[in-house]
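Open the model in a viewer and keep the selection panel at hand. The stops below say what to select and what is found there.

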Amino acid sequence: MYVAVKGGERAIENAHALLADIRRGDRDVPALSLAQITNQLALGVDRVMCEGSLYDRDLAALAIKQARGDLIEAIFLLRAYRTTLPRFGTSEPLKTAAMDIRRRISATFKDLPGGQVLGPTFDYTHRLLDHDLTEERDVAPAPTATTDNQPFRSVSELLADDALIECETNVEGEPRDLTRGPLSFPANRDLRLQNLARGDEGFLLALAYSTQRGYGRNHPFAGEIRYGEIEVELFAEEVGFAVPLGPVMLTECQMVNQFVGSVTEAPRFTRGYGLAFGQSERKAMSIALVDRALRARELGEVTGAPAQDEEFVLSHSDNVQATGFVEHLKLPHYVDFQSELGLLRQLRAEFSARTTSDTDPVLRDAAE
Amino acid sequence: MTTPGYNFAYLDEQTKRMIRRAILKAIAIPGYQVPFASREMPMPYGWGTGGVQLTASILGPDDVLKVIDQGSDDTTNAVSIRKFFVKTAGVRTTTVTSEATVVQTRHRIPETPLTEQQILVYQVPIPEPLRFLEPRETEQRRMHALSEYGLMHVKLYEDIARHGHIATTYAYPVKVDSRYVMDPSPIPKFDNPKLNDCAALQLFGAGREKRIYAIPPYTQVVSLDFEDHPFEPYRQDAACALCQATDSYLDEVITDDRGTRMFVCSDTDFCEMRRANGPDKVAVEHANVTRE
């Protein structure tokens, strides 16, 4: 006999208790400390901060621990925390040219002011599992060298000296913020870049890849990728100048793309731009490629590829939204399903009444 | 008892004011989708964040809240949302429809008629009735602005041509106050007539899609149809196995592995009330059943 579904509340509490238990796992294994996560899973922390839109290594580490290593769940935790925080103001624009460089490479010039600085990267490693890491071993500190203090001018600036690349134009007023206002279309580049910076790395990677395979090709060169530390400043009305708030680690990617020109305008390269928290090169490069693809209409190019479709890209890039809606299919839908079931049964009943009452209409048509 | 560190009903007052402004605009233009700066909530998008933000913005300390999902107070997500407001707002909650001042719902309208003292808050997954006919928002906005709803009628007509019936059984499109075509959220079309001329204010919130819309009290809401194919609310040809109601929307429950099934009210409060209020009312319904 059917008993009305009761006890949901107890079931939920028990499920939460089980989750807490299983999250901790075997009690004989030491619990992860946040310091271990921020230090040794630093790139995971970077991704969570970037897509969670909150620069706080400790909170991101806490989110990763609480989410059992599920980064999208961790991003969600950070976002839900962030949304309640008060806003004090808008920082001064970051001067990425003044970045304290940890890594800077260019694929367009063999050498350039400041040089190529490889920094900590997987790029040239052989992807062989290092069984030495199975056990804890001492790691010797990396060798260091003194810097020649030569500033790292950005590749785009160098190209701009000869007017070989388009100039970015300043947008008047404060940039818009899609976490404070609804996103509407067409969206300007400030909102697009914000959306992409918060967007899912995997989604943007796939879109960026699609442009390389011909779905909205834009002939990119990695003009420059730089990663390092930069000071965030806030203009304080009370004292009349910008005060430092603290440093953040950032990855910036400047793509140099196919040139445009016209009868009245000399041809020049165009740009795609990507900026991400932490060391997130795959993400920054993907943003830059998709940013450039989304400028297709503005630059008068043929559109139609998925990566060039602003509504498609911006509406589906957010993994917190996407995972919520995909996973909401787990919620009960028996009311709507019952409606569908009712109609389907009616249609089937009508179908069988039709087929038993007279001959197949197709055959009848043929006979006539 | 509310959780320290969070404002009453979770959202900060600034956000509530922003949402209330959107609500007022929505009430002023019945059926029109007002964009709003939806916040990230501590529950997933698609799980009622729009409804939760509406409820958080209209809730006062004296309100009595009821939360239902699929008509039931005891489904997991309804429990979760109710607990959220108990924790963050400390408001009184109820499962009795007539006791509630605010009812947050997913996919159903309560069977018990609502009053002027009540607000019904719907959780909306896809607010745009034209979405699956034209996915582009810029285009949808233009169609709404020009009342260009021909495409919707063509879709309904094609249903009839193909199946002999309009094949939309839930989230059945309506026209509000003779102006905007609106998605009533995925309520079964059985509930559509309750939208019309309803005494309570009806608010619709789509968090992920960042839209709020409303049906003010006593507003005309018409389900789209054709003269020769009038709108028909669907109801299972059965009575509730628990309370014998013949006028409520029913859930089908499979009771064993041999396909035995029974039908019970989807609105659990309605069903329990009928059973608690003694055999009198049930007997009346019984008489109706036997007459048929």
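**Stop 1: the contact between the chains**

Begin by selecting the contact between the two chains, to which chain A contributes 37 residues and chain B contributes 49 residues. Bear in mind throughout that this is a predicted model. On the side of chain A that touches chain B, the elements giving two or more residues are helix 1 (8-24), helix 5 (71-82), helix 11 (319-327) and helix 12 (334-357) of chain A. Which of them gives the most to that side? Select helix 12 of chain A: with 11 residues, helix 12 gives the most. Colouring that side of chain A by class shows 16 nonpolar, 12 polar and 9 charged residues.

**Stop 2**

Is Leu19(A) buried or exposed? Leu19(A) has 11 other C-beta atoms within 10 Å, so it is exposed; the limit for that class is 12 or fewer. Now draw a distance from the C-alpha atom of Leu19(A) to that of Leu164(A): the separation is 57 Å, for two residues 145 apart along the chain.

**Stop 3: the loop between helix 6 and helix 7 of chain A**

Next select Ala163(A), in the loop between helix 6 and helix 7 of chain A. Its phi is positive, about 55 degrees, although Ala163(A) is not a glycine. Ala163(A) counts as exposed because 10 other C-beta atoms lie within 10 Å.

Move along to Pro186(A), which is placed in the loop between helix 6 (155-161) and helix 7 (189-198) of chain A. Show the backbone here: the peptide bond joining Phe185(A) and Pro186(A) is cis, with omega about -5 degrees.

**Stop 4: helix 7 against helix 9 of chain A**

Select helix 7 of chain A together with helix 9 (residues 281-294) of chain A; they pack at an angle of about 145 degrees, and their axes are 10 Å apart. The crossing of helix 7 and helix 9 of chain A is right-handed. To see the contact, show side chains for Arg192(A), Leu193(A), Leu196(A) and Ala197(A) on helix 7, and for Ile287(A), Val290(A), Asp291(A) and Leu294(A) on helix 9. By class, this contact of helix 7 with helix 9 of chain A has 6 nonpolar, no polar and 2 charged residues.

**Stop 5: two paired strands of chain A**

Select strand 3 (residues 241-260) and strand 4 of chain A, which run antiparallel and are joined by 9 bridges. Within the pair, Asn257(A) stands opposite Thr270(A) of strand 4 of chain A. Strand 4 (residues 268-277) of chain A has 8 of its 10 residues buried, so the rest of the structure largely encloses it.

**Stop 6: the sheet of chain B**

Switch to chain B and select its open sheet, where 7 strands lie in the order 1-9-8-5-4-2-3 with mixed pairing. Which strands are at the edges? Strand 1 (34-35) and strand 3 (92-93) of chain B are the edge strands, each pairing on one side only.

Zoom in on strand 2 and strand 4 (residues 102-106) of chain B: this pair runs parallel and is joined by 5 bridges.

Helix 3 of chain B lies across strand 2, strand 3 and strand 4 of chain B, and runs at about 160 degrees to strand 2.

**Stop 7: the loop between strand 2 and helix 3 of chain B**

Select Gln70(B), in the loop between strand 2 (64-69) and helix 3 (76-89) of chain B. Gln70(B) is a residue other than glycine with a positive phi, near 60 degrees. Because 26 other C-beta atoms lie within 10 Å, Gln70(B) is buried.

**Stop 8: helix 1 against helix 2 of chain B**

Finish with helix 1 (residues 13-28) and helix 2 (residues 49-58) of chain B, whose axes are 9 Å apart at an angle of about 100 degrees. The two helices are therefore roughly perpendicular to each other. Show Lys16(B), Ile19(B), Arg20(B) and Ile23(B) of helix 1, and Gln53(B), Leu54(B), Ala56(B) and Ser57(B) of helix 2, which make the contact. The contact of helix 1 with helix 2 of chain B divides into 4 nonpolar, 2 polar and 2 charged residues.

Technical notes:
Residues numbered from 1 in each chain as written. Chains lettered and ligands numbered in written order. Predicted model: local features only at pLDDT ≥ 70, side-chain atom pairs only at ≥ 80, totals over all residues. Helix = DSSP H or I, 4+ residues; strand = E, 2+ residues; numbered from the N terminus. Buried ≥ 20, exposed ≤ 12 C-beta atoms within 10 Å, placed from the backbone. Contact = placed C-beta atoms within 7 Å. Nonpolar A, V, L, I, M, F, W, Y, C, P; charged D, E, K, R; others polar. Axes fitted to C-alpha atoms, helices over the stretch in contact; angles between N-to-C directions. Left-handed = near helix turned anticlockwise from the far one by under 90°. Parallel < 35°, antiparallel > 145°, perpendicular 65-115°, else oblique. Pairing = 2+ DSSP bridges.
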